[in-house]
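Have the picture open while you read.

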Amino acid sequence: MERETLMGLLRSGSEEAWGLAADALARGAAWDEYGGEATFSLQSIFRRRCRIAAKAGQYSVGFEAAVHALNSWSERRLVLGAIDDRPRNGLVFQLFLNSESAAIVACFAIEPPAYREKFPRPAAGAS
């Protein structure tokens, strides 16, 4: 998928992570779209990862909303993608696209453990 097309799709969403991902792309963050996966296995994997990240206090944006969207998605397959904005703000965005890569189903941002506390983050509950 072309960068401009992806930015347009991200900007059409109302979730905070979607806007942050679009901003990262606009500033030159790396984008990679890779293989399709069965939706059921992704639901299970990312539910577990969300719980682990929360327990560890790992900074994320939109993780719970993305898990909810994955749980609600009824198609059999999804395409995965990632936007790597670690050089600018330490975040990696995980994207889930429909099987034709024509629409975004879910998106969240997470700070890899190695980047913990290297970049300022909003206080809990702050918007």
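## Pairs across the chain

Let's begin with Asp 23, which is partly exposed because its relative accessible area is 27%. (Buried means under 20% relative accessible area, exposed means over 50%, and partly exposed is in between, with a 1.4 Å probe and protein chains only.) Keep in mind that this is a predicted model: local features need pLDDT of at least 70, side-chain atom pairs count only at pLDDT 80 or more, and totals for chains, interfaces and linings use all residues. Residues are numbered from 1 along each chain as its sequence is written, and side-chain values use heavy atoms, with hydrogens and water left out.

So who does Asp 23 team up with in a salt bridge? Its partner is Arg 11, and their closest N and O atoms are 3.0 Å apart. This pair ties together distant parts of the chain, with Arg 11 in helix H1 (residues 3-11) and Asp 23 in helix H2 (residues 16-26), 12 residues apart. Helices here are DSSP runs of H or I with at least four residues, strands are E runs with at least two, and both are numbered from the N terminus. Arg 11 is partly exposed too, at 46% relative accessible area.

## Two more salt bridges

A salt bridge needs a side-chain nitrogen of Lys or Arg within 4 Å of a carboxyl oxygen of Asp or Glu. By that rule there are 3 salt bridges. In general, side chains of opposite charge can pair when their charged atoms come close.

Arg 86 and Asp 84 make one of them, at 2.5 Å from N to O. Arg 86 is partly exposed at 30%, and Asp 84 also counts as partly exposed, at 24%. Arg 88 and Asp 85 form another, with 3.0 Å between the closest N and O atoms. Is Asp 85 buried or exposed? With a relative accessible area of 4%, Asp 85 is buried, while Arg 88 is partly exposed at 36%.

## A positive patch

Now look at the surface, where Arg 47, Arg 48, Arg 49, Arg 51 and Lys 55 gather in a patch of positive charge. (Patch residues have over 30% relative accessible area and no salt bridge, and like charges are joined within 9 Å.) Arg 49 lies in helix H3 (residues 39-56) and is partly exposed, at 46% relative accessibility.

## A tucked-away Glu

Glu 111 sits in the segment after strand E5 (104-110). At 3% relative accessibility, Glu 111 counts as buried. Leaving aside residues up to four places away in sequence, Glu 111 touches Gln 58, Tyr 59, Gly 90, Leu 91, Arg 116, Glu 117 and Arg 121, where contact means heavy atoms within 4.5 Å.

Technical notes. Patches are made of residues with over 30% relative accessible area and no salt bridge: like charges are joined within 9 Å, nonpolar side chains (Val, Leu, Ile, Met, Phe, Trp, Tyr) within 5 Å. Accessible areas come from the Shrake-Rupley method with a 1.4 Å probe; for residues, only the protein chains shown count as cover. Lys and Arg count as positive and Asp and Glu as negative; His and the chain ends are not counted. The place of a charge is taken as NZ of Lys, CZ of Arg, CG of Asp or CD of Glu.
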